[in-house]
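Please read them with the structure open.

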Amino acid sequence: MRETGLWKASKIDNEYRQTVSSGFDTLDKELPGLGWPQSGVTEVLYDRIGIGELKLMMPAISHLSRSQNRWIALINPPHIPYAPALEHEGVDLTRLLVITQKTPEDYLWALEKSISLKSCRAVITWPNQIKDAQVRRLQVASKEGNCWTILLRSEKLASKTSPAELRIRLRSCRSAESTNLKIKILKRHGGWESPEFKITLLDKLNRKRETLVRKKPTLIYGEADKKKLSLTPTSISTAHQSSGI
Amino acid sequence: MESKKLWLCLCFPDLAIEIFTRDRTKEAVLITEKKIVVFLNQAARNLGLKPGISVAEALTINESVIFFERNKSREIEKLSQIAQWSYRFTPNVSIKKPKSVLLELSGSLKLFGGLKKIQQEILKSLEEKGLSVQVGVNMSPLSAQCFSEANAGTNLKDIKTSISNIPIHILEIEQKIVDSLHKMGVYNCGQLFRLPISDLSHRFGGQFALYLKKLIGTIPDPQIFIENKPYFKSDITLIPEVSDKNSLIFPMRRLIGELNEFLDARKLLTDSLLFKISHRNYKPRKLSVLLAKPEKDLQVFLMLAKLKLEKTELMPEIDNICLLSDRFSKSKNDSGDLFHETQFRQKDGYFPSKAEEKWKVQLINMMTARLGPDSCYTLSTVSDHRPELSWSKEQPGQTNNPIKPNKQTGSDEEENPRPLLLLKAPKRIPEKNKSPDSLETFKIVRGPERIDVGWWDNHPVARDYFIARDSSGALYWIYYDLSSDKWYLHGIFS
């Protein structure tokens, strides 16, 4: 049973005791074992880049990077993972490994090796095209290597099935005003899919902004007006672009 | 007896052939010098060929024989490789051109458990290397050399009596002297030493007498010992030529095995291997295996070499493979784990840190071997206000700087958050009036943060940074370039 990557209800008790808190109480409550899993494939389906899909993982990733001497690997990130921001999130940069490669074969090879060799505590990657059979393979490898594997994929896949053991859908609130992220857990062990719930990612940003606005509101909007800040982001709606694959 | 030296000489009678035929071949191989056969192997002898015949003659006898032009410099190189290898038994190793290596073993007997054991070990290893060898042991350097050339075995007693049966033409003396001695009816050393040395000195010169005295050990014969330069080079000539990659793995394994022995003998580690794969008709290919941490493990080397081989385009035919290594570091005196290789799997799946370090390095090694050295890196922050310059790539595992405290520049960071993803190059944002049908607009969440630095070097930056959200809720880091009056996207709050 183990080799097929199938999950048995009898294993629920021992397997899900070991989790890492996500840092968000509302999310923890919905996750099996009250936190992110230690291993297995977690699919994060998000509607567009920039809604805080990485930020959501950061408290847990930061904790993992500091608690164990294993790599946190980012494989084929779509842009440069920005060191000052990662450091600010509390990630130990000496344990954060960025792996890039050019061909799809190399990508899958690097991904599987990183996961199965026990050298990585967590792997975050942005696959463009990956087959179900390959995800299943990764699921088995991640159990073997005791590595938390996060696949960041398009929200369009939410209606399809996947061998990943945990699937989460992220949606922005589709408004320029809100800082909330709508989360729905599509697949989890020991439970049906969850209702959609909101968490606030950038509360610090908002709070600061309010104080700023109170102090000098005219400056901020004045500046922006002066520079004709009515811009079209059409060219940058680059959701799910990924280098390589 | 303590001060008595014990000399072991390794003589390689077929060295000229064996540098070409390491993979012992069944085919007849001839070594030629100016179109004349000078050496040949057993297979060639069986065909009735002899040294001294010309190439044309040899071809008329059998046209399937293989010829190589004699390569003396490679012979010397081979000897020096053997000498380097012998260094594992004793530090006193000397090269005796053209075909011998001399070891002084009196200090090593106890460590290796006696002369017999050392001899066995040497013979076994040399046989694996595909070299035929004659061993001679005696109490002076020259007598040991004579013994090995005559394949006379071991003598631990009086030199004079031991060499009495050695024919004089084996001695390193001029042919003229040998001929005169033959005319005098002197054929072996026993007969030679019955004559008084002072008379021989009168007859044949002081050099000859000196040689004889050194031979029997009445005067000292100091040797020049090799320096232990840490440099590894070994190669295998493939006969017949091979054309596919898989048939390279076996010779590769053998070369790596030799490297491993070399490292073991010197307590060294290496972090770079270079394979040179060549064929006389093509440009040689280089295959470089770099490791994240110095290592000596045969299996690790082999695995990485295989990965590298998979990704390398080779020429259609290969006749030689060579392994070089010259970057070494001292192996730490590691007495090993008490619970060697035992994995303590704790409740939360946590493994001890020594094994983790090994796994971490292994991943880097594999990635660099298959995907190239630029394929994986770690990040670090750089103290620079320009966003694109405030980070840098680091070689993984090389950064030894201690983990920085979690929040060191807290206030500043809180004030001006940075995006998790930075674009490789800032992207122009077209303004609204140029594309009127677009309805989406940015809304400024925070800003401006002015960054106006770098006018003193060649990368000036004058920008106002804003955090902005578009109507779909995604958060971006954009800036207004003060010098060009244009808007750019620079980061994504992923």
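The points below cover confidence first, then sheets, then helices.

1. **Ground rules.** This is a predicted model: local features need pLDDT of at least 70, side-chain atom pairs count only at pLDDT 80 or more, and totals for chains, interfaces and linings use all residues. Residues are numbered from 1 along each chain as its sequence is written, while chains are lettered from A and ligands numbered from 1 in the order in which they are written.

2. **Overall confidence.** The model scores ipTM 0.78 and pTM 0.66. The pLDDT is the predictor's confidence in each residue, from 0 to 100. Chain A averages 78, and 73% of its residues score at least 70. Chain B averages 81, with 88% of the residues at 70 or above.

3. Treat three segments with care. In chain B, residues 402–411 have pLDDT below 50, and this stretch has 3 contacts beyond near neighbours in sequence. A contact here means that the C-beta atoms of two residues, placed from the backbone, lie within 7 Å. Residues 433–439 of chain B also stay under 50, with 6 contacts beyond four places in sequence. In chain A, residues 207–245 stay under 50, yet the model has 62 such contacts for them.

4. **The five-stranded sheet of chain B.** Helices (H or I, at least four residues) and strands (E, at least two) are DSSP runs, numbered from the N terminus. Two strands pair if DSSP finds at least two bridges between them. On that basis, 5 strands of chain B form an open sheet in the order 5-6-1-7-8, with mixed pairing. Strand 5 (93–96) and strand 8 (153–154) of chain B each have a single partner strand, so one side of each lacks a neighbour in the sheet. Helix 7 (residues 141–149) of chain B packs on this sheet and touches strands 1, 5, 6, 7 and 8 of chain B. Its direction makes about 145 degrees with that of strand 7 (134–138) of chain B. Such angles run from 0 to 180 degrees between N-to-C directions, and axes are lines fitted to C-alpha atoms, for helices over the stretch in contact.

5. Strand 1 (residues 7–11) and strand 6 (residues 100–104) of chain B are antiparallel, over 5 bridges. One bridge sets W7(B) against E104(B). Strand 5 of chain B also pairs with strand 6 of chain B in the antiparallel sense, over 4 bridges. Here V93(B) stands opposite L103(B). Strands 5 and 6 of chain B form a hairpin with 3 residues between them.

6. **The three-stranded sheet of chain B.** This open sheet has the order 3-2-4, again with mixed pairing. Strand 3 (36–40) and strand 4 (66–69) of chain B are the edge strands, each pairing on one side only. Neighbouring strands are turned by 40 degrees against each other on average, direction ignored. Strand 2 (residues 29–33) of chain B runs parallel to strand 4 of chain B over 4 bridges. T32(B) stands opposite E69(B).

7. **Strands in chain A.** Strand 9 (residues 166–172) and strand 10 (residues 180–187) of chain A run antiparallel, joined by 6 bridges. Strand 10 of chain A is joined to strand 11 (residues 197–200) of chain A by 4 bridges, also antiparallel. Which residue of strand 10 of chain A is the bridge partner of S172(A)? It is L181(A). L181(A) also stands opposite I199(A) in strand 11 of chain A.

8. **Helix 13 against helix 14 in chain B.** Helix 13 (residues 246–266) and helix 14 (residues 298–310) of chain B pack at about 145 degrees, with axes 10 Å apart. The contact residues include L248(B), I249(B) and M252(B) of helix 13 and F301(B), L302(B) and A305(B) of helix 14. By class, the contact has 9 nonpolar, 2 polar and 2 charged residues. For these classes, Ala, Val, Leu, Ile, Met, Phe, Trp, Tyr, Cys and Pro count as nonpolar, Asp, Glu, Lys and Arg as charged, and the others, Gly among them, as polar.

9. **Helix 11 against helix 12 in chain B.** The axes of helix 11 (residues 197–204) and helix 12 (residues 206–216) of chain B come within 7 Å and cross at roughly 145 degrees. Among the contact residues are L200(B) and F204(B) of helix 11 and F208(B) and L212(B) of helix 12. This contact has 6 nonpolar, 2 polar and 1 charged residues.
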